[in-house]
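Look through the sequence and the model below before reading on.

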Amino acid sequence: MKNFFESHIAETKDDRTKAYHVALGLSSLGFDSGDAGTCQFAGSVKTPEVAFHRASVAKLTGNAKCMVDIKELQALQKSFLNEDASAEDVFYLVSAMKYGGVGVDKNKVLEIINKIKAKDSTPSTMAYVFQTVVKLNLSRAFLKPFFDAVNDVLDQADELNGNQLFFEKGIFTTTMASKGIADLLTSYGEMEGISEAKLTKLINFLYIRRHSTNLRAAAHLAAALRAFSRGPLITPVSITLGAQPPVNFVESFATGGEVYRASPKLQLRLFSLWGESLTPNEVTVKGSGLYAIQGPNRIRVLTGPSERGLFSSPDDKSYFELSLASTDNSFPAPNWYELELSVQQKSNKTKRMLLGASTVQLPLRVLANPKIVEPVLKIGDGTHDKHQTEVKLEPNSHTTGSITIGQKMLLSFRLVDNDTDETPLTAHQAFVQFTHKETGQSITFVCHEIVATGAANAKAYQLKLDPESSSEDFDNLDGIYKVELFVGDSLFLKPIAWHMADLSLQFSGPRGSDSARRIADAADVSRQKSPSAAGMKRANGLNPLIGTGPTKAKPGIEHVFRPPERRAPRPLAWTFTALCAVPLLGLLIAWGVIGFNLSNFRLSLSAIIFHAGFIAILVLYCVYWYSLDMFTTLGYLCVLSLPTFLAGNSVLRAQLAARQALSGSNKK
């Protein structure tokens with residue numbers, strides 16, 4: 001994180017926001033932040049946020065040039081410190097005034113804060129509320145209502161993966177709320193009633209996101225982690241695995257342990273969140289129940305005793321260890337487990353609580369050392385299903401053989417734990433790979449799990465292969481194949497890779513074109529691999545697949561778009577246009593024969609607006625036809641239609657009134 005903040009120092013010269021976040025991040029990590037305080041952005045201050053950033057940079061870097069003038073702070077206090085102020089503005093202003101040495105009216109601020117808290121108790125608001133009341137240096141009696149609200153804020157957090165808490169607006173809100181909670185607990189002086197589990201999950205969320213690439217989020221995250229780890233009430237505890245000290249502490253938080261019968265001792269180290277080692281002279285570690293995780297629902301089943309005793313410390317200085325082997329030499333079966341452990345201080349002179357250490361469920365794997373037993377390769381007559389040859393294979397050695405046309409092979413074997421008197425095992429993956437010796441092409445077949453004969457509660461693995469029926473998979477490429485067995489599982493100490501045999505396969509069909517080309521290339525002296533470094537590097541690469549593998553270019557993909565719809569023939573289009581223009585043409589002809597009658601037209605403002613609006617609407621329709629879209633046209637039409645409608649209504653009422661007046665005068 002230090003390197004991340006330092007990489008942004010060059011951007012702080014004329015940007016007060018970045019200068020504040022860089023200074024906050026470096027100071028929270030315990031490094032000098034003076035390079036972020038050049039303060040070339042100094043100028044007039046018009047908002048509490050600007051005042052806060054400048055005053056904070058001045059305090060964190062020690063550069064008085066950044067400090068806000070007292071008169072400007074007093075002016076901001078008169079303008080913004082009122083009942084209409086937001087929680088952010090109150091926090092910014094109170095902080096700037098404290099840093100600038102301006103007195104703060106605690107009663108007035110407390111009254112405003114209480115009204116804000118009554119209206120809005122969301123985490124984003126309460127984050128600023130908590131940090132504001134801390135800066136007022138209030139007594140415990142005044143802090144009590146805010147202390148009681150901490151659990152209400154934590155209850156609004158969402159849970160992630162069962163071990164993290166965060167607030168819905170993201171990492172910035174989570175870091176600000178965490179900083180406020182940590183500062184409030186420090187000011188109040190106790191944690192009674194606060195959920196330890198929720199605080200632990202909240203810190204987990206912060207620590208996992210310590211590599212944030214957002215400058216603002218990273219700065220506030222560092223400040224929140226420091227507030228928790230450097231406070232007088234709590235010491236967040238982290239666990240690392242192994243007896244040797246980690247090379248890079250921040251990368252060594254434990255995600256789980258691994259033990260097996262030959263190495264039954266679980267070794268771990270304890271650190272504070274800030275990297276300070278907790279030694280056996282300071283704390284004790286106690287192991288409780290070991291729970292097996294079974295089934296897709298992850299049901300926890302207690303294995304062995306419910307108490308496994310205290311971890312010992314062979315060197316009495318650095319690490320702790322606990323053997324999972326029982327006194328009768330029994331050992332947990334290979335599986336996924338959770339080991340419950342707790343950490344306690346030997347003397348609590350500082351009255352600091354070890355956060356996250358009361359009941360820890362450490363993920364644990366008990367591994368098996370797999371061994372293949374009873375491997376048998378049978379080659380027989382596929383027509384009569386009579387096995388003619390049976391070869392008992394020896395692990396770590398390979399045999400030779402051949403499979404002629406019409407024959408098939410059957411491979412079977414079992415897996416046992418080599419360290420536990422051959423306890424039966426099962427594997428997640430077991431497959432056999434055939435690799436052509438000459439071309440390097442390979443094909444893989446999966447071994448199927450079956451019930452083992454002659455062994456109780458055991459599984460065996462079997463591969464039935466009829467090369468003739470799989471000739472298309474082999475591309476009818478006969479020759480000598482290297483047969484390898486691969487077995488793997490997440491609970492195996494190491495996977496099994498065994499070169500079992502070299503088998504000669506024969507096929508009745510013609511070779512595929514790609515395989516034939518490969519054979520020709522292999523026989524061509526000019527194409528053979530040279531013993532150069534580049535050639536040897538290519539030779540050690542992955543084998544291509546059988547048949548038309550990656551050496552043959554795939555056909556290009558051509559995207560076909562929907563063809564445009566056919567348009568009407570040009571003569572038909574012009575005929576339709578002419579028919580649409582006939583009514584307008586008829587109107588013009590009629591006007592020429594009959595003549596215009598403008599005797600009833602009365603010149604008035606409403607008449608001018610109406611006719612102008614009507615003409616504008618017709619022009620708008622023409623423009624819509626050529627260039628505008630529907631939504632833009634509707635917007636213009638709404639603007640034009642309202643005055644046109646009102647003016648038209650006025651014109652019609654005037655015409656009606658004139659007609660009524662004319663008919664009344666004729667009667668007289």
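The paragraphs below take up these topics in turn.

This is a predicted model, in which local features need pLDDT of at least 70 and side-chain atom pairs count only at pLDDT 80 or more, while totals for chains, interfaces and linings use all residues. Residues are numbered from 1 along each chain as its sequence is written, and side-chain values use heavy atoms, with hydrogens and water left out.

Two packed helices are described by the angle between their axes and the distance between the axes. Axes here are lines fitted to C-alpha atoms, for helices over the stretch in contact, and angles run from 0 to 180 degrees between N-to-C directions. Helices (H or I, at least four residues) and strands (E, at least two) are DSSP runs, numbered from the N terminus.

Start with helix α3 (residues 48–61) and helix α5 (residues 87–100), which pack at an angle of about 40° with their axes 8 Å apart. That angle makes α3 oblique to α5; under 35 degrees counts as roughly parallel, over 145 as roughly antiparallel, 65 to 115 as roughly perpendicular, and the rest as oblique. The crossing of α3 past α5 is left-handed, that is, the near helix is turned anticlockwise from the far one by less than a right angle. Contact means heavy atoms within 4.5 Å. On the α3 side, P48, E49, A51, F52, A55, S56 and K59 meet D89, F91, Y92, L93, S95, A96 and Y99 of α5. These contact residues divide into nine nonpolar, two polar and three charged. Ala, Val, Leu, Ile, Met, Phe, Trp, Tyr, Cys and Pro count as nonpolar, Asp, Glu, Lys and Arg as charged, and the others, Gly among them, as polar.

Next come helix α11 (residues 196–208) and helix α12 (residues 215–229), whose axes come within 10 Å and cross at roughly 140°. This makes α11 oblique to α12. The crossing is left-handed. L199, I203, L206 and Y207 of α11 make the contact with L221, A224, L225 and F228 of α12. What kinds of residue form this contact of α11 with α12? Eight are nonpolar, with no polar and no charged residues.

Now turn to charge. Side chains of opposite charge can pair when their charged atoms come close. A salt bridge is a side-chain nitrogen of Lys or Arg within 4 Å of a carboxyl oxygen of Asp or Glu, and the whole structure holds 18 salt bridges. In one of them, E340 meets R300 at 3.2 Å, N to O. E340 is in strand β11 (residues 335–345) and R300 in strand β8 (residues 299–303), 40 residues apart. E340 is buried at 16% relative accessibility, and R300 is partly exposed at 33%. Buried means under 20% relative accessible area, exposed over 50%, and partly exposed in between (1.4 Å probe, protein chains only).

Another salt bridge joins D502 and K437 (3.5 Å, N to O). D502 lies in strand β24 (residues 496–505) and K437 in the loop between β19 (429–436) and β20 (442–446), so the pair ties together parts 65 residues apart in sequence. Elsewhere, salt bridges that share partners join R298, R300, E338 and E340 into one network.

Last, S470 lies in the loop between β22 (459–465) and α13 (471–474). S470 counts as buried, at 11% relative accessibility. Leaving aside neighbours within four places in sequence, S470 is in contact with F445 and L465.
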